[in-house]
Amino acid sequence: MAHQTTLTCQCGAFEAQVAKADPKHGNHLICYCTDCQAYLHHLDKADLLDENGGSRIFQVMPDQITATKGLENLAVLRLKPKGIYRWYTTCCQTPIANTLGTPKFPFAGLAADNLSAQDGLGPIVAKVNEKDALNPVDGFGLSKVMRRTMRRVFWAKLTGRWKKTPFFDVSSKKAIVKPYVLSEAERAAAYGQPDMPS
Ligand SMILES: [Zn+2]
Ligand SMILES: [Zn+2]
């Protein structure tokens with residue numbers, strides 16, 4: 001089996017190759033947290049959420065990802081000043097990946113819908129932040145997924161593989177584009193809070 005998968009934004013301007021997109025080298029999970037929901041509302045892509053408000057994520061190591069087309073369309077936002085980095089494309093507002101704000105904790109949660117070869121991802125191994133789900137959901141798998149991720153991060157640090165990432169300039173440790181922090185009004189809209197009376 002060739003474990004090579006293409007990640008494409010909705011309009012096709014941005015493309016990346018994802019190596020080893022399989023259950024051994026990635027965590028296929030659903031996150032129901034309000035942040036992930038707010039993120040898709042902000043991008044005007046709430047249709048990507050499942051009926052319970054879940055986002056399907058495939059967690060990989062950044063060195064598995066190679067941007068092959070339209071990298072200039074990649075942008076990053078933070079819902080809150082200290083929020084995680086949420087990468088998306090400016091061409092068509094497609095959510096791409098979530099990362100931490102540093103390449104030194106190498107980890108990327110890809111928006112799984114954008115991946116070709118869906119079958120290769122394997123079954124859902126975890127449902128997390130189920131308390132924020134729109135309907136009752138049984139959560140599972142969080143500790144297993146965290147253990148696997150910590151082990152991978154450890155190895156990536158040990159071997160220097162953390163330095164291969166499409167998201168950061170490793171010498172400066174900075175994101176390849178400046179993160180945009182949502183304004184208060186944008187944040188309120190994303191989280192579905194009523195407009196402030198004027
Ligand atoms: Zn696009
Ligand atoms: Zn989430």
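How many salt bridges does the count come to? The count comes to four, by the rule that a side-chain nitrogen of Lys or Arg lies within 4 Å of a carboxyl oxygen of Asp or Glu. This is a predicted model, in which local features need pLDDT of at least 70 and side-chain atom pairs count only at pLDDT 80 or more, while totals for chains, interfaces and linings use all residues. Residues are numbered from 1 along each chain as its sequence is written, chains are lettered from A and ligands numbered from 1 in the order in which they are written, and side-chain values use heavy atoms, with hydrogens and water left out.

**Zinc site**

- The zinc ion (ligand 1) is coordinated at 2.2 to 2.4 Å by the SG atoms of Cys9, Cys11, Cys91 and Cys92, where donors are N, O and S atoms within 2.8 Å of the metal (3.2 Å for Na, K and Ca) and sites may look incomplete, since water is not among the atoms.
- The site is tetrahedral, with angles of 104 to 116 degrees among its four donor atoms; the term requires four donors with all angles between 85 and 135 degrees.
- Cys9 lies in the loop between strand 1 (4–8) and strand 2 (15–19) and Cys91 in the loop between strand 7 (85–89) and strand 8 (95–99), so this pair ties together parts that are 82 residues apart in sequence; helices (H or I, at least four residues) and strands (E, at least two) are DSSP runs, numbered from the N terminus.
- Cys9 is buried at 3% relative accessibility, whereas Cys91 is partly exposed at 32%; buried means under 20% relative accessible area, exposed over 50% and partly exposed in between (1.4 Å probe, protein chains only).

**Salt bridges**

- Lys80 and Asp35 form a salt bridge with their closest N and O atoms 3.4 Å apart, and the pair links the loop between strand 6 (74–78) and strand 7 to helix 1 (residues 34–42), 45 residues apart.
- Asp63 and Arg161 meet in another salt bridge, at 3.1 Å from N to O, and Asp63 is buried at 17% relative accessible area, while Arg161 is partly exposed at 36%.

**Aromatic pairs**

- The structure holds five aromatic pairs, one of which is the edge-to-face pair of Phe154 and Trp155, 6.0 Å centre to centre with 80 degrees between the planes; rings of Phe, Tyr and Trp (its six-membered ring) pair if their centres lie within 6.5 Å, and planes over 60 degrees apart count as edge-to-face, under 30 as stacked and the rest as tilted.
- Tyr85, Trp87, Phe167 and Phe168 are linked into a cluster by ring pairs.

Key:
Tetrahedral: all angles 85-135°; square planar, octahedral: opposite > 155°, others 65-115°.
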